[in-house]
Structures are given as structure tokens and as C-alpha cells.
Amino acid sequence: MKIKNLVLMAGLSVAIVLTGCNASSATKGGIIGGASGAAVGAGVGVLVAKNNRKKGALIGAAAGAAVGTTAGIIIGKKMDKKKKELEALNNAQVNEVEDQNGLKAIQVTFGEDGIKFATGKSTLSQSAKTNLAAFAKKLTTGEDVSAADITVEGHTDSTGSVAVNEKLSKERAQAVAEYLKSQGVPSSKITTRGLASEYPVADNGTAAGRAKNRRVEVYITASKEMIADAEK
């Protein structure tokens with residue numbers, strides 16, 4: 001536990017230092033990549049979103065060694081360009097985040113406006129399919145991030161048992177992943193996980209808060225392949 005806490009504190013310290021700088025997103029990615037060897041080597045880290053949301057669920061490939069500054073900048077620029085393209089989507093919230101290697105990554109959140117599931121169900125509505133098709137098109141065109149890893153996370157509100165919510169969140173993440181695959185996103189790059197109500201973004205004590213917590217998040221992160229190419 002002490003080791004885990006020390007690593008977590010080190011990761012947060014790097015994030016706090018960079019928040020106070022006026023460096024660009026790409027440069028931040030390079031600085032973190034060059035400075036986070038210990039955390040990356042241990043395969044641990046934290047996800048830090050610009051909206052100040054922090055969570056323990058790790059994203060991104062464990063590089064196993066420090067990612068160089070130049071590679072971090074190259075990946076940061078690619079993610080900057082793709083994020084700008086994705087911001088044109090309707091019914092989706094796009095945020096800059098950092099993966100467990102300290103590299104720039106993208107979080108795309110589909111709330112009930114983007115993907116609304118019937119209570120207790122994981123079947124995609126036609127409007128959800130329309131929104132996901134637009135997302136898939138943005139992923140597979142424009143700035144090339146075809147080598148990136150795509151992680152689809154399902155989230156629920158706190159209504160219902162833990163077991164039910166875990167199963168439902170997994171099924172919803174899988175439904176989104178399967179549809180993205182049908183729209184041309186490489187199946188080999190997609191992974192899914194259901195996180196039930198473990199990471200709320202709003203108060204589960206209100207109807208409005210529960211609606212916000214029922215969501216699907218998609219993370220676009222640098223794969224080991226992308227990191228290796230950037231370091232050539």
C-alpha cells in the first residue's frame with residue numbers, strides 16, 4: 001500500500017507541475033513522457049482529465065520503459081489533431097486526458113443525448129447508431145490514429161445491485177464496441193470493460209445526476225505500436 005501511494009503521489013506531482021505551465025498539449029506530453037520512467041516502468045498511473053476528474057482505472061498500453069520526450073511530442077500532436085476533428089461531433093463530449101504513460105489521450109463521452117439505453121437494456125437505439133457511425137467515421141478518416149488503442153467503458157447509475165450494474169455496464173460497452181467494429185474500426189484495437197457505478201460524474205441522489213452517470217466513455221490512447229513508431 002505504501003508503494004502504491006508513493007507512485008500515485010509521484011504521478012500527481014508531475015500533473016500538478018505541468019498544470020501550472022503554459023506549455024502546449026503536445027509539449028506537455030513530451031515532458032511527461034521523458035520524466036515518468038519510474039511510473040511507466042511499473043505499469044501504473046492515473047487518468048487525469050481537463051475537467052479535473054481523476055480515476056484509478058488505467059488506460060493506455062503499459063510501455064514498460066520511459067517514453068522519450070520526442071516520442072511524447074509526436075504522439076501529442078497526433079492526438080491534438082484527432083481531438084479537434086472529434087469536437088465536431090454532435091451529442092458527444094470530447095476531453096483531453098493522459099494515459100498511464102503520461103501521454104496525451106482522448107476521452108469521448110456519450111451521455112443519454114448520444115447513447116440512450118432503455119432501462120436494464122443494452123440494445124442500441126437508431127439514434128445511438130447514428131451517433132456512433134459518425135464517431136467511427138471520424139476515427140477512421142482524417143488524422144491517422146489507426147494504430148491507437150480504443151477502450152470502451154460502460155457506466156451505470158447506483159440504482160440496482162452491484163452485480164446487475166456490472167453485467168449491464170459490460171453489455172453496454174460491448175454493444176458499442178461491436179457497432180464500432182461494424183463501422184470499420186479495427187476489432188483488434190478495441191477492448192471493453194464495465195465499471196458499473198464505480199466512477200460517478202454526478203450526484204446519484206438526484207434524477208439529473210443519475211442520468212449523467214449512465215454513460216459510455218471511449219478512450220483513444222497510444223498503443224505500443226504507436227509509441228515504437230514515434231521513437232524511431
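I took helices (H or I, at least four residues) and strands (E, at least two) as DSSP runs, numbered from the N terminus.

I kept in mind that this is a predicted model, in which local features need pLDDT of at least 70 and side-chain atom pairs count only at pLDDT 80 or more, while totals for chains, interfaces and linings use all residues. Residues are numbered from 1 along each chain as its sequence is written, and side-chain values use heavy atoms, with hydrogens and water left out.

Entry on strand S5. I looked up the neighbours of S5 and found that it pairs with strand S7 (residues 215-221) in the antiparallel sense over seven bridges, with Ile150 standing opposite Ile220 in S7. S5 also pairs with strand S6 (residues 190-194), this time in the parallel sense over five bridges, and there Gly154 has Gly194 in S6 as its bridge partner. I then followed the chain from S5 through helix H6 (residues 162-182) to S6 and noted a right-handed β-α-β unit, where right-handed means that, with the strands pointing away from the viewer, the path from the first strand over the helix to the second runs clockwise.

Entry on burial. I used buried for under 20% relative accessible area, exposed for over 50% and partly exposed for what lies in between (1.4 Å probe, protein chains only). Seven of the seven residues of S5 (residues 149-155) are buried, so the strand is largely enclosed by the rest of the structure. In a regular strand the side chains alternate between the two faces of the sheet. I found Asp149, Thr151, Glu153 and His155 pointing one way from S5 and Ile150, Val152 and Gly154 the other way, all of them buried.

Entry on strand S7. Strand S4 (residues 104-110) pairs with S7 in the antiparallel sense over five bridges, and I noted Glu217 in S7 as the bridge partner of Thr109.

Entry on salt bridges. I counted a salt bridge where a side-chain nitrogen of Lys or Arg is within 4 Å of a carboxyl oxygen of Asp or Glu, and by this rule the count comes to 13. One of them joins Glu143 to Lys78, with the closest N and O atoms 3.0 Å apart. Glu143 lies in the loop between helix H5 (126-140) and S5 and Lys78 in helix H4 (residues 69-86), so the pair ties together parts that are 65 residues apart in sequence. Glu143 is buried at 16% relative accessible area, whereas Lys78 is partly exposed at 24%.

I also looked up Glu87 and Lys83, whose side chains meet in a salt bridge (2.5 Å, N to O); Glu87 is partly exposed at 43%, and Lys83 is buried at 18%.

Lys189 sits in the loop between H6 and S6, 40 residues from Asp149, and both residues are buried. Finally, I noted that salt bridges with shared partners join Asp80, Glu96 and Lys104 into one network.

Technical notes:
Two strands pair if DSSP finds at least two bridges between them.
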